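This note sets out points on the fold, the strand pairing and the ligand surroundings. Please read it alongside the sequence and the coordinates.

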Amino acid sequence: MNGAIFFSGKYGSTEQYANWIGEATGLPVFNIKDSKADPLKYDYLILGSSIVYFKLTIRKWAKANLSKLNGQSKVLFSVSGADPSDKLERWVSKSLPSVLLSQMKHVALGGRLDHSKVGWSVRLMLWIGSLINPDPSASKEERFGFDHVDKDSIEPIVEWIRQFQTVK
Ligand SMILES: Cc1cc2nc3c(=O)[nH]c(=O)nc-3n(C[C@H](O)[C@H](O)[C@H](O)COP(=O)(O)O)c2cc1C
C-alpha cells in the first residue's frame, strides 16, 4: 500500500508533525499548497491540519478535493492550542464533510503559538480574544503564547500506519 501525508499549516508546527510522521513511517509529505501534490497517486492518506479561529485550515482544500480524498483518507491529525475535548471535536466536525470524517480516525495534537512569528493584526486579534476568553488559562496562552508541540504524541499515528501497512 502506497500512502502519503497531506498537511495544511501556517506557522510550522503542523509541518513539523507531518515531517516527524513521514520520517517514522517513510511516507512522503506534501503541503496542500504544492500544486503538484496529487492525492490520487496514493492508496491511502493521512491528513494534517492546524486549527485557526475554530476551524481546520485544510477545510477548503478538502471540500474542493473531496472526490480524490473520499475512500482513501484514514487518519486526520489536528494541531491546535485547545486540548482534546468535545469542543475541539465540534470544530473538527463543522470543518469537514461528514462522509470524510466518518472514514478517518482523529488524533488531536498540541500546537505552538509564538507571538514573534505572527503579524501585528493577528497579535491584536489574539489580545482582544484573550480579554473575552472566559477560560483563564486559554486567555493567558492567547496573550503570551504557548508551546505544546510534542514529538512523542505522534506515536499512536505512527503505530496505526505500521499496523495498516502490515494488514494490507
Ligand atoms: C490567528 C490564530 C488563531 C488561532 N485560533 C485557534 C483556535 O480557534 N483554537 C485553537 O485551539 N487554537 C487556535 N490557534 C492556535 C493554533 O492552532 C496553533 O498555533 C497551531 O500550532 C498552528 O499551527 P501551525 O504552526 O501549523 O500554523 C490559533 C492561532 C492563531 C495564530
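1. Ile 161. Ile 161 sits in helix H8, which spans residues 155-167; helices are DSSP runs of H or I with at least four residues, strands are DSSP runs of E with at least two, and both are numbered from the N terminus. Ile 161 counts as buried because it has 23 C-beta neighbours inside 10 Å. A residue is called buried if 20 or more other C-beta atoms lie within 10 Å of its own, exposed if 12 or fewer, and partly exposed in between, with C-beta atoms placed from the backbone. Residues up to four places away in sequence set aside, Ile 161 touches Gly 3, Thr 25, Leu 27 and Ile 46; a contact requires C-beta atoms, placed from the backbone, within 7 Å of each other. Between Ile 161 and Val 75 the C-alpha to C-alpha distance is 8.9 Å, with 86 residues separating them in sequence.

2. Basis of the model. The model is predicted: local features need pLDDT of at least 70 and side-chain atom pairs count only at pLDDT 80 or more, whereas totals for chains, interfaces and linings use all residues. Numbering starts from 1 along each chain as its sequence is written.

3. Overall dimensions. The protein chain contains eight helices and eight strands. Along the principal axes, the C-alpha atoms of the protein chain fill a box of roughly 50 × 30 × 30 Å. Of the 168 residues, 30% count as buried. Among contacts between residues at least 6 apart in sequence, 80% join residues at least 24 apart.

4. Domains. The assignment divides the protein chain into domain 1 (3-111 + 148-167) and domain 2 (114-146); such bounds come from an automatic or database domain assignment. The C-alpha centres of domain 1 and domain 2 are 25 Å apart.

5. Strand S1. Strand S1 covers residues 3-8, and six of its six residues are buried. Gly 3, Ile 5 and Phe 7 point one way from S1, while Ala 4, Phe 6 and Ser 8 point the other way. In a regular strand the side chains alternate between the two faces of the sheet. S1 pairs with S3 in the parallel sense over six bridges, where pairing means that DSSP finds at least two bridges between two strands.

6. Strand S2. S1 is also joined to strand S2 (residues 29-31), in parallel, by three bridges. In this pairing Phe 7 stands opposite Asn 31. Phe 30 belongs to S2 and counts as buried because it has 20 C-beta neighbours inside 10 Å. Beyond its neighbours within four places in sequence, Phe 30 is in contact with Ala 4, Ile 5, Phe 6 and Ala 37. Phe 30 and Phe 164 are 134 residues apart in sequence, and their C-alpha atoms are 20 Å apart.

7. Strand S3. Seven of the nine residues of S3 are buried, so S3 is largely enclosed by the rest of the structure. S3 and S5 run parallel and are joined by six bridges, with Ile 46 opposite Val 75 in S5. S3 and strand S4 (residues 55-56) run antiparallel and are joined by two bridges; there, Val 52 has Lys 55 as its bridge partner. The hairpin of S3 and S4 has two residues between the strands, and Tyr 53 in this hairpin takes a positive phi near 50°.

8. Ligand surroundings. Which residues are closest to the ligand? They are Gly 9, Tyr 11, Thr 14, Ser 50 and Gly 111, within a surrounding set of 20 residues; a residue counts as near if its C-beta atom, placed from the backbone, lies within 6 Å of the molecule. Helix H1 (13-25), S3 (44-52), S5 (73-80) and strand S7 (112-113) each supply at least two residues of this shell. S3 gives the most, with three residues. By class, the shell has 10 nonpolar, eight polar and two charged residues; Ala, Val, Leu, Ile, Met, Phe, Trp, Tyr, Cys and Pro count as nonpolar, Asp, Glu, Lys and Arg as charged, and the others, Gly among them, as polar.

Terms used: Contact = placed C-beta atoms within 7 Å.
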